[in-house]
Amino acid sequence: MADPQTFERTIRALGLRHNGPGPFRRLVLASMASISYPGSQAELLLLAPQELRTADPSFATEVYNGHFGLAGKLAELDAESPFDIVPPSENWARELYGFGWLRHLRASGSELAREQAKALVHDFVQHGRSIHGLTWQPDIIARRVISWLSNSVLILDSGEPEAYEAFLRSLTSQLRYLSASYRDAPDGVPRLLTLMALIYAGLCIAEQQAVVDRYVKPFCKELNRQILPDGGHISRNPDALAELLLDLLPLRHCFVARDRVPPKDLTDAIDRIMPMLRFFRMGDGTLARFNGCGPTPTDALATVLAYDDIEGSPVRTAANSGYVRLECGSTLILADIGLVPPGSLSTTAHAGFLSFEMSSGGCPMIINCGAPSADHDEWLLFARSTAAHSTLTFEDDSLTEFASSGNGSQPAADAQISGPANAHASFNDQVDNLRIKGSHYGYVTRYGVSHSRQILVSSTGRLISSEDKLSAPKGLKSPDNDLIGGAYAIRFHLHPSVKARIVDARTAELALPNGEAWRLSSNAPEIAIEDSYLIADPRGPQQSSQVVLSGMMGEAHEVRIVWNIEWTGDDDEGGRLVALPEFEPDEPEPSGPTGHEPDAA
């Protein structure tokens, strides 16, 4: 085992103590647990929930060889327990204590893997109360409870009554603690997960009807708060929908298996989420990279969509979630026209208002960089910035305000964000084209500049005619009262499969892997191809490129940058810059989740 002083220093450096309840808080919660939990001591498991997450049987071999790989990090055990070593990262520790890796051992199907699983669970049960920090964070307890229940056939043996009883005592203890602490879970998916875990336990353990009765109502209330009327999640993160369905679908089945009618709020939420998942799918089947969406779990996505009995067509406008989806011919465009989610829900949100993604013929073309996987969190802050999105940046700054870390240091990767001020957007279905337009004051306070954007898509999808307008009626200013030139950049991040080249001073050509060629032209003073990265890739950030239209605002009070994206096939609709209608943005109610602080469950 690691030297105790080294262990403690590393834990503090990783922030693991900070992220879990402190000793006093744990004492308070423990004293409340026996009072708040309506269930009795677990004596018998009746049901094992279905595990929908993909499993990797090779994990069992790795563990046997002393390698414990989680969240992109590998720990060498050297005959030690994984609960005794210094965690290589916080995300590794979260996955370790969540026990989701039990499904990999179960998938192996070998007796050796079964014995490994039983030994590791027994080890945790023996060490549980002495392991602090993240272990007792409510959402991690919830994941552990669900993982234990789902894999109970692997880790329990009726021929070992002492181990069986010790497991049930530990499970009951954790459920009591969770019942007292679930309100402390971070808002969003983690809080919903804690309520799901309590209901799972009430359904899977014998004689726990009181648990289900107690927590169904707050669960349904929280579910309705988080799943918006259009099926989006209140965090505006497309990833959250697939993640939730992996737990909501088996929960619904548990009600049926116990001869109980699933709550209507549960079935309705699932029915709303399914078409919204299809809404977010781009031409290649991946989820659009908005507001914390990372590498698409294609296997999980296919699994949950297999439960969609209706397979309805996605809507064009998701007004509650703040997105627009335009399908014209083989062209698909998704645009962000929504507000930043409120308060703590914004810690994974991105500064991508009015950004868009585009695919053609099933090939991704223009993208946002997306969020990184757990093992590349050093990219998080950049991934959330406006510069990582296909939209306009001013002075290479973000259009939202990131909460400061103090002392003049850069914001934390999970800093809350707010703004942009006075953000409005709308969608209009016109006779010959579809029109998205929006505006915001995200740069007004710092630079005295407002930004407006309108995008017109032809009925065939072969011509996208757009305009970005910058307005500074009182002239430019800067946060430090320095003279600035008013540098702007309109970025079009390209998928790594797209090849770009400059044709002339105003035009770039984009070649797609399906053989299509598109032309991006503009009246901007400069056009260039620069480096970029697809951050949301399961292999880690992949190098790509971006087309950047740039210029200086100078002393002008208004600048209009017109740009077209047009297909260069035989029925070419373009060939010239299109004069767009005068921009007169509507002033609708702000789209997307409202800006009030959500109520706790």
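Helix packing, a buried serine and a hairpin

Me: In this predicted model, which residues of helix 5 and helix 8 meet?
Reply: From helix 5, Arg 94, Tyr 97 and Gly 98 take part, and from helix 8 their partners are Asp 139, Ile 140, Arg 143, Arg 144 and Ser 147. By class, the contact of helix 5 with helix 8 has four charged, two polar and two nonpolar residues.

Me: Is Ser 522 buried or exposed, and how do you know?
Reply: Ser 522 has a relative accessible area of 2%. Buried means under 20%, so Ser 522 is buried. Ser 522 belongs to strand 18 (residues 517-522).

Me: What does the side chain of Ser 522 reach?
Reply: The side chain of Ser 522 reaches the backbone nitrogen of Ala 524, at 2.9 Å. The cut-off for a polar contact is within 3.5 Å.

Me: What makes strand 1 and strand 2 a pair?
Reply: Pairing takes at least two bridges; strand 1 (residues 67-70) and strand 2 (residues 73-76) have four, in the antiparallel sense. Opposite His 67 stands Glu 76 in strand 2.

Me: Which residue takes a positive phi in the hairpin of strand 1 and strand 2?
Reply: Ala 71 does, with phi near 50°, in a hairpin that has two residues between the strands.

Definitions and conventions: Residues numbered from 1 in each chain as written. Predicted model: local features only at pLDDT ≥ 70, side-chain atom pairs only at ≥ 80, totals over all residues. Heavy atoms only, no water. Contact = heavy atoms within 4.5 Å. Nonpolar A, V, L, I, M, F, W, Y, C, P; charged D, E, K, R; others polar. Buried < 20%, exposed > 50% of the residue type's maximum accessible area, 1.4 Å probe, protein only. Polar contact = N/O pair within 3.5 Å; in protein donor to acceptor, adjacent residues only side chain to side chain.
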